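Please keep the sequence and the structure in view while reading.

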Amino acid sequence: MKFTPFRRLLMVVTAAVALGVTASANPDIVGQWQLDIDRSSPLDGWQDMRLIISTQDTQVDIRHEMRWRATRYRAINTVDTAKPVASDSFFRVEQRHMAVYPAKGGVTNTTAEWIDNNRTLRTETHTPVEVSQGNVNMRITSEYRIGEGGETLTVIELHSSRSRPLVYFFHKVEEKVAS
């Protein structure tokens with residue numbers, strides 16, 4: 001194939017568009033999100049959940065702040081829309097209640113992409129877990145859907161081990177400014 005000036009220009013424009021799609025995160029997802037317990041799937045094993053989401057370039061950090069009575073637990077899952085991410089400490093909300101824990105020495109692989117005109121962050125996670133029959137791989141597909149105006153977030157999780165999705169509804173928490 002001969003690279004004419006037109007083909008070179010077409011390749012540069014295509015690459016720029018592709019890079020722009022992977023690099024542009026929706027800024028509305030950034031912030032603190034408080035769980036609406038009454039509207040959400042049960043948090044079996046937990047009483048409360050807050051997500052704190054931050055972005056840097058194509059990377060998205062999803063920090064879970066969980067509470068059960070006096071017990072507080074924090075964990076961060078990092079995803080990247082430009083490349084797969086491997087983690088040896090991936091957090092799943094239901095792991096405590098279901099007693100399905102990460103496999104010892106297991107590595108979780110996650111991919112992420114922005115869809116729906118950057119209104120939804122979709123992640124696909126493959127994580128090895130320990131069950132009574134031994135180690136198996138669990139697939140989790142999650143969507144973080146930003147509501148109109150950026151004030152609500154709906155998280156939908158589909159697990160290969162469950163027949164029904166887990167659905168969590170959040171509202172954005174306004175950060176207090178010190179005066």
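The text below covers confidence, overall fold, strand pairing, the nonpolar cores and selected loop residues.

This is a predicted model, in which local features need pLDDT of at least 70, side-chain atom pairs count only at pLDDT 80 or more, and totals for chains, interfaces and linings use all residues. Residues are numbered from 1 along each chain as its sequence is written, and side-chain values use heavy atoms, with hydrogens and water left out.

**Confidence.** The average pLDDT (the predictor's confidence in each residue, from 0 to 100) is 87 for the chain, and 83% of the residues score at least 70. Residues 12-23 stay under 50 in pLDDT, and the model gives them four contacts beyond four places in sequence; a contact means heavy atoms within 4.5 Å. Where pLDDT is low, the predicted coordinates should not be read in detail.

**Overall fold.** Two helices and eleven strands are present in the chain; these are DSSP runs numbered from the N terminus, with helices (H or I) of at least four residues and strands (E) of at least two. Along the sequence their order is α-β-β-β-β-β-α-β-β-β-β-β-β. Of the 179 residues in the chain, 37% are buried, where buried means under 20% relative accessible area, exposed over 50%, and partly exposed in between (1.4 Å probe, protein chains only).

**Strand pairing.** Strand E1 (residues 31-35) has four of its five residues buried. Two strands pair if DSSP finds at least two bridges between them. E1 pairs with E2 in the antiparallel sense over four bridges, and Trp-33 has Leu-51 of E2 as its bridge partner. Four bridges also join E1 to strand E11 (residues 166-173), again antiparallel; here Leu-35 is partnered by Phe-170 of E11.

**Nonpolar cores.** A nonpolar core is a set of buried Ala, Val, Leu, Ile, Met, Phe, Trp, Tyr and Cys residues joined through side-chain atoms within 4.5 Å. The largest such core has 25 residues, of which Met-49, Leu-51, Leu-153, Tyr-168 and Phe-170 touch the most other members. Elements giving two or more residues to this core include E1, E2, E3 and E11. A second, separate core of five residues includes Val-100, Val-129, Met-138 and Ile-140. Beyond its neighbours within four places in sequence, Phe-170 contacts residues including Trp-33, Leu-35, Met-49, Leu-51 and Leu-153.

Thr-58 lies in the loop between strand E2 (48-56) and strand E3 (59-68). The side chain of Thr-58 makes a polar contact of 2.6 Å with the side chain of Asp-80; a polar contact is a pair of N or O atoms within 3.5 Å, where within protein one must be able to donate a hydrogen and the other to accept it, and residues adjacent in sequence count only if both atoms are side-chain atoms. Asp-57 is placed in the loop between E2 and E3, with a positive phi near 55°. Arg-69, in the loop between E3 and E4, has a positive phi near 50°. Most residues other than glycine have a negative phi.

Arg-67 is in strand E3. The C-alpha atoms of Arg-67 and Asp-48 are 5.1 Å apart, although 19 residues separate them along the chain.

| Residue | Relative accessible area | Class |
|---|---|---|
| Asp-57 | 63% | exposed |
| Thr-58 | 16% | buried |
| Arg-67 | 25% | partly exposed |
| Arg-69 | 58% | exposed |
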